[in-house]
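Hi everyone, thanks for making time for this. I'd like to walk you through one structure, so please have a look at the screen.

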Amino acid sequence: MRLQAYLAHCGVASRRASEQYILDGRVSVNGTVVTELGTKVAPGDTVMVDGKVVELESKKRYVLLNKPAGYVCSLADEKGRPVAADLLKPSYPERLYNVGRLDMFSSGLIIFTNDGGFAARLSHPSAELEKEYIIETSLNIPRNLASDFEKGIRDGDSFYKCVKAEQMNARRMRIVLIEGKNREIRRVFEAKEIGIKSLERVRIGNVTSDGLKTGQYRDLTEREVTGLLALCRSSAMENTI
C-alpha cells in the first residue's frame, strides 16, 4: 500500500493531507524518515508520524458534528484556539479528521471520519456535492444579490457562483454551493459591504441536522454514507495500491 494511503487508512489525515505530512519529513518507516510520495508500506513495517507509531484503524467511523462558532477545523491549532475534533474525543477513541472545512466563525454541519477513501471521494473537486447554508446579515440584503450570485459575481481576480440562492427575508438568505471556494460566501457579502451576523451550514448532500443541536454529534447512518457517495459525480477513486 502507498504510504499516503496507509496514513489515511490509519486515520492520521486525508490522503492529500498525508502527502503533505510526508513531504514535510514528519513520517518515518522502520526508523527512516521518508519524504518521497508513493513509497510502499508492507505488512510488518513500523510507520511513525511525529515520532508516534500509527496503525490501521480496525473500525471505520463516519460522524456528523453540528459545529459551534468559535471552533477551528483542524486536528491541532498553533494559536491555541478551540478545535472542533476535540468535541468528539469523549465518544471516539479513533483519530478522526474533518472532511472539508468551516471557518472559525461559521457553524453547522461537518463530517469527520477515519476512512481516507471516503474523505477523498467527498472532497474531490469534481464531486460537486451540494452544501446548503443559511446566512443572517446585519444590513438588508440587496434584492438582486441572489440572482447575481446564481449568475456569478466577480470580485477582483476571483469569480464566485452558487447553485442556488433564495432570499428568505430582508436579512436572511439560503445559499447552495458545490465548489465552496475559501470563504466564498463571506467574500461575496463583503464585496457588497454587508456584514454577516451568522453563517450556518444546514445540509451536506443528503445529510441534514435532523434535530442535532449545536455542539452535538452522531454517527452517520449506513444509508447516509452510501447516499453521500452516490451523490458524488466524480468517478475518480484514490489509488491505494
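Let's begin in strand 8, where isoleucine 135 sits. Keep in mind as we go that this is a predicted model. Is isoleucine 135 buried or exposed? Its relative accessibility is 0%, so isoleucine 135 counts as buried, the cut-off being under 20%.

So what is isoleucine 135 in contact with, once we set aside its neighbours within four places in sequence? The list reads Arg171, Arg172, Met173, Ile175, Ile185, Phe189, Ile196, Ser198 and Leu199. Take leucine 199 from that list: in sequence, isoleucine 135 and leucine 199 are 64 residues apart, yet their C-alpha atoms are 4.6 Å apart in space.

Two other names on that list, Ile185 and Phe189, take us to helix 5, residues 184-191. Both of them are buried there, along with Glu184, Arg186 and Val188.

Which residues of helix 6 are buried, then? They are Glu224, Val225, Gly227 and Leu228. These four residues lie on the same side of helix 6, because they span an arc of only 165° around its axis. Turn to the other side of helix 6 and you find Glu222, Arg223 and Ala230 exposed.

Last stop: the pairing of helix 3 with helix 6. The axes of helix 3 (residues 116-123) and helix 6 (residues 222-231) come within 9 Å of each other, crossing at roughly 45°. The two helices are therefore oblique to each other, and their crossing is left-handed. Who meets whom? From helix 3 we have Phe118, Arg121 and Leu122, and from helix 6 Val225, Leu228 and Leu229. Sorted by type, the residues of this contact are five nonpolar, one charged and no polar.

That's my tour, and I'm happy to go back to any part of it.

Definitions and conventions
Residues are numbered from 1 along each chain as its sequence is written. This is a predicted model: local features need pLDDT of at least 70, side-chain atom pairs count only at pLDDT 80 or more; totals for chains, interfaces and linings use all residues. Side-chain values use heavy atoms; hydrogens and water are left out. Axes are lines fitted to C-alpha atoms, for helices over the stretch in contact, and angles run from 0 to 180 degrees between N-to-C directions. Angles under 35 degrees count as roughly parallel, over 145 as roughly antiparallel, 65 to 115 as roughly perpendicular and the rest as oblique. A crossing is left-handed if the near helix is turned anticlockwise from the far one by less than a right angle, and right-handed if clockwise. Contact means heavy atoms within 4.5 Å. Ala, Val, Leu, Ile, Met, Phe, Trp, Tyr, Cys and Pro count as nonpolar, Asp, Glu, Lys and Arg as charged, and the others, Gly among them, as polar. Buried means under 20% relative accessible area, exposed over 50%, partly exposed in between (1.4 Å probe, protein chains only). The arc is that of the directions from the helix axis to the C-beta atoms.
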